[in-house]
Amino acid sequence: QVQLVEFGGGLVQPGGLLRLPCATFGSRFRLDAMGWYRQVPGKQRELVARIISDGRTNYADSVKGRFTISRDNAENTVDLHMRDLKPEDTAVYYCRAALTTTIWDSGTGYWGKGTLVTVSS
């Protein structure tokens, strides 16, 4: 059974930076699509960033230029590097992965349990 585990959440001041690593356990295959979502209470979960095993990335407009996603294909890990954090970045951040981009696009795949990021002074 594949499990995704997020690390690195916490409290950070506005303008600060934070790195969220996500590790994979139990997968024998490379997970072609990996990424991060976030959710604020009362709102829908939204895509923050996605990275494909060939290096292609896409980002939510709200984080472009501030967040960077990276991955290790051999280890099936994905990191979200966040800088210039704003209070509106406060959310629970979830790691997501799928064996293929087709599975990702279908809305299925694997999810972590989430880690809370709070941006506040």
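Modeller: What follows goes from the ring pairs to the strands around them. This is a predicted model, in which local features need pLDDT of at least 70 and side-chain atom pairs count only at pLDDT 80 or more, while totals for chains, interfaces and linings use all residues. Residues are numbered from 1 along each chain as its sequence is written, and side-chain values use heavy atoms, leaving out hydrogens and water.

A search of the whole structure finds three aromatic pairs, where rings of Phe, Tyr and Trp (its six-membered ring) pair if their centres lie within 6.5 Å, and planes under 30 degrees apart count as stacked, over 60 as edge-to-face and the rest as tilted. The ring centres of Tyr37 and Trp104 are 6.0 Å apart with planes at 40 degrees, so this pair is tilted. The pair links distant parts of the chain, 67 residues apart, with Tyr37 in strand 4 (residues 33-39) and Trp104 in helix 1 (residues 101-106); helices (H or I, at least four residues) and strands (E, at least two) are DSSP runs, numbered from the N terminus. Tyr37 and Trp104 are both buried, a word that means under 20% relative accessible area, with exposed over 50% and partly exposed in between (1.4 Å probe, protein chains only).

The rings of Tyr94 and Trp111 have their centres 6.5 Å apart and their planes at 80 degrees, so they form an edge-to-face pair. Here Tyr94 in strand 9 (residues 91-98) and Trp111 in strand 10 (residues 110-111) are 17 residues apart. Tyr94 counts as buried at 13% relative accessibility, whereas Trp111, at 33%, is partly exposed. Tyr37, Tyr94, Trp104 and Trp111 form one aromatic cluster.

Strand 9, which holds Tyr94, is largely enclosed by the rest of the structure, because seven of its eight residues are buried. Strand 9 runs antiparallel to strand 4, joined by seven bridges, and two strands pair if DSSP finds at least two bridges between them. In that pairing, Gln39 stands opposite Val92. Two bridges join strand 9 to strand 10, again antiparallel, with Arg96 opposite Trp111.
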